[in-house]
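Please examine the sequence and the model before reading on.

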Amino acid sequence: MQESPKKGLNWWLFFASALLLIIPTCYVVYNISPANMPRNDSAQGGEIDHLITYVHVLMGALFVGWLGFFFYVLLRFNKNRQPVADYAGVKSHASTWLEAVVAIFEAVLLIGFAIPVWSRAVDKFPKENEATVIKVIAQQFQWNGWYPGPHGVFCTNDAKFFSGDNTFGLDKSDPHYKENFIVAKDLVVPVGKPVLVYISSLDVIHCFACKPLRITQDAIPGMVFPAHFTPVKLGTYQINCAQLCGLSHYGMRGTIKVVSQTDYDKWVAEKSKAGASAGGGYE
Amino acid sequence: MESTTHDAHAPPHQEPGFWQKYIFSTDHKVIGLQYGITGLMFLFMGFCLMTMMRWQLAYPGHPIPIVGKLLFRVLGEDMVGKDAAGHVGVMMPGLYNSFGAMHGTIMVFLAIVPLAFGAFGNFVTPLQIGAPDMAFPRVNMVSYQFYFMGGIIMLASFFIPGGAAQSGWTSYSPLATVADMGTRPNGQTFWIIGMVFLISSSLLGAVNFITTIIQMRAEGLTWMRLPFFVWAQFVTGFLLLLAFPPLEAAAVLQLGDNLLHTSFFLPTGLVVSGQHLHVSGGGSPLLWQHLFWFLGHPEVYVLILPGMGIVTEIIACNTRKPIWGYRSMVYSVLTIGFLSFIVWAHHMYLTGMGTRIATFFQTTTMMISIPSVIILTSLFISLWGASMRFNTPMLFALGFLPMFGIGGLTGLPLGFNASDIHLHDTYYVIAHFHYVVAPGTIFALFAGIYYWYPKVTGRFMNEFWGRVHFALSFIFMNLVFMPMFIQGMAGLSRRMYDGGATYAAQDGVVGLSKQVIGLNIPISHAVWALGLAQLPFVINFFWSIRRGKKITSDNPWQATTLEWQTPTPPPHGNFEKPVEVFRGPYEYSVPGHATDFTPQNEPPTAAPAPHGNPLLS
């Protein structure tokens, strides 16, 4: 540990530092860039993406600041260039201001973005008559979509109606039962109109996630949670289960097919004719 | 401290035998070492599980090389299957879920907490406060024994029918109840019983630490003269004391659900595999989540605070200057301790939380980031004006700073509930908390091992191989966890047995790109390389016990705190003469002082006669 005292800059350390400073910067930029974020094809997802971007700007600024300071002190305040340490160290209180700025920035993101976005996601639901309403029922290892049919009225359901071919316990004597229908795995929704989904589960906790439509909501047995999203482009998107639900959790794939309103109406009419009794939604 | 024995045959002051000295010891240093060795073994095991899981993620459905056949023979065909060509050694989903659950459980409860709190806390805390031992040496021994029992139960569960617990380290109900229902008792039963032992162990340790730190500080060692490490252990003790019991209670309730047909966490009307589950119902799955995360979030700080303590000690010593903002760091750590009890539901944003409750929890979550920023900033600023010595402990401690910085900062987009909608349960989360715990806490633990090794053994670990260990670990840790941020941001969910291949973009369906899924392969290779990078450490650790460079002084790093003012290794009872403290913990490079360090117990002027030892009176 007896290095001979050197006064010059340690070039090796300098280049390593510069490199290490550049890499995380590029990294943060790439990470939040559209090149890496999944495309957002929903109306409500834009503000989520904005928040993610702003938070990453704050994180990036803090981290690059810390790193810059860090590498400077490593180069400047090592045993060779500073044989005797300075007992007092930093006397300025700039860091207090820095911490205050971080706190203010966080408060702005919280009050200006996170809380209102959340409030719109979990409190401001579209009216049922202005939205496509689907009851999504999860089970190991499949997503089921229960549609009310052309008239938009769900039949009643209760555990007492449960039977082997009627796992959701639909009331077959309900007049609306005949036009209700249940699809497995592949949901269909019309474009440009809010979709209101009531999410629940038959067995364990699942999580209904469709990343390109920026919708994620746990499906918890014994509870029903509404969630909403508005697809803005035609296309087919994948639903994945984002909560460990058992052996085939990884394969619990569903899709949401976004079609035009005319195609949707045609599809609903066709499915509704076949009715809920046609296999009860099982393939 | 030993109670007198009434056995007439045993002469007093007899040198204890092997069993008494190493296995059933009540000496805090031996217990610390027991925790340390056992914890390192579990750390290795937890890592091994991941090396095998990473094979499955990178090459789904291919037989695991080297150990595949062995796994098949030991665990059977339910767990290890064949590929299309009939080669045995393919990890089945059940085994993947088991390994995943046990990787988390082992790393958190059997490796990091025992190392950070059990090992370093036990060995260093009494020495740093000038105490002869812990307040309750026998409770301390029982604490280790409970931990050991818990570990054995967890390990045994791999070999029972149905294998180890499969429902994640979080063991959410109802999955934890309905998974592997055919076998009772099953892996989950073992997990719960193991957890009861582990939590009881932490509880005993916590009581002991808190009492010791309050009651047994040397004369003159006031609160604001405590080394930051002791503060960190003190707050950790309170977190363990207050946060762990709810999960112990919850675990017993889940045991009831699993074995006795109760329904604490099971709602009415469960239909599993097309059959009504015959339970009374009426329970709530969310109750389990609340009880789990009430432990779970303070637990995060149990994992990180002792690491911060270790790093602070090493930075003070190797910058040869006082820690900048010691007081604000102490207040910050106390604030973190308090706030960590009211942030837990940020793990549950997507469980149907309304705006008010979510606002409360994300506000507290943002608040807790401020003291963390203060601590990290203080440590960075402490480097200004230093005369830094870059030895191995210091390299690990310096490595901790930016790594913990990444881990902490990436908590922000997860703490805001709106951005969590996209990032929830993706690889972003995995990368975030691993940056906190792996290159964060584990680097701090390595730093601590290299730093206090001379106090334990009287020899240094090899410096060159220590640096090699640091450089390789630093590179590979980042290569493992950095790409996971990209994967998570791109929308890859965690706990996917096939590494997300199911969700690849396919003809006309929007999905994960080839590049994002393809990152699994370099990540896995980096994991295996990280494993190899630990070889220098393992060899160095054992080799240096007998062959390492001998220390020439009891205070080889020329440090100020009390643990270095004892003989090496410290004898039973620690200090040869009573200790009195005259100053703060980090009086380095005091202007006008003859040396660049002033030990806490060095009398201010011409040495006055020491006062009596308050501990013996």
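## Contact and the basis of the report

Two residues are said to be in contact if their C-beta atoms, placed from the backbone, lie within 7 Å. The structure discussed here is a predicted model.

## A pair of helices in chain B

In chain B, helix α5 spans residues 137-156 and helix α7 spans residues 187-215. The two helices pack at an angle of about 160 degrees, and their axes are 8 Å apart. Angles over 145 degrees count as roughly antiparallel, and α5(B) is therefore roughly antiparallel to α7(B). The crossing of α5(B) past α7(B) is left-handed.

Which residues of α5(B) meet α7(B)? Among them are Val139(B), Val142(B), Phe146(B), Tyr147(B), Gly150(B) and Ile153(B). On the side of α7(B), the residues include Phe190(B), Trp191(B), Gly194(B), Phe197(B), Leu204(B) and Asn208(B). Classified by type, the contact of α5(B) with α7(B) contains 14 nonpolar and eight polar residues, and no charged residues.

## Two domains in chain A

The domain assignment divides chain A into domain 1, given as 11-81 + 92-122, and domain 2, given as 128-281. Between the C-alpha centres of these two domains of chain A there is a distance of 39 Å.

Nine residues of domain 1 of chain A are in contact with 10 residues of domain 2 of chain A. On the domain 1 side of this contact, three residues are nonpolar, four are polar and two are charged.

## Cis peptide bonds

In chain A, the peptide bond that joins Gln140(A) and Phe141(A) is cis, with omega about -5 degrees. Phe141(A) is placed in the loop between β1 (132-139) and β2 (142-147) of chain A.

In chain B, a cis peptide bond runs from Arg184(B) to Pro185(B), and its omega is near -5 degrees. Pro185(B) belongs to the loop between α6 (175-178) and α7 of chain B.

## Positive phi values in chain B

His261(B) has a phi near 65 degrees, a positive value in a residue other than glycine. This histidine lies in the loop between α8 (228-259) and β3 (271-272) of chain B. Is His261(B) buried or exposed? His261(B) counts as exposed because it has 11 C-beta neighbours inside 10 Å, and the cut-off for an exposed residue is 12 or fewer.

Asp425(B), also a residue other than glycine, has a positive phi near 55 degrees. Its place is in the loop between α14 (417-423) and α15 (427-457) of chain B. Asp425(B) is buried because 22 other C-beta atoms lie within 10 Å, and the cut-off for a buried residue is 20 or more.

Notes. Residues are numbered from 1 along each chain as its sequence is written. Chains are lettered from A and ligands numbered from 1 in the order in which they are written. This is a predicted model: local features need pLDDT of at least 70, side-chain atom pairs count only at pLDDT 80 or more; totals for chains, interfaces and linings use all residues. Axes are lines fitted to C-alpha atoms, for helices over the stretch in contact, and angles run from 0 to 180 degrees between N-to-C directions. Helices (H or I, at least four residues) and strands (E, at least two) are DSSP runs, numbered from the N terminus. Angles under 35 degrees count as roughly parallel, over 145 as roughly antiparallel, 65 to 115 as roughly perpendicular and the rest as oblique. A crossing is left-handed if the near helix is turned anticlockwise from the far one by less than a right angle, and right-handed if clockwise. Ala, Val, Leu, Ile, Met, Phe, Trp, Tyr, Cys and Pro count as nonpolar, Asp, Glu, Lys and Arg as charged, and the others, Gly among them, as polar. Domain bounds come from an automatic or database domain assignment.
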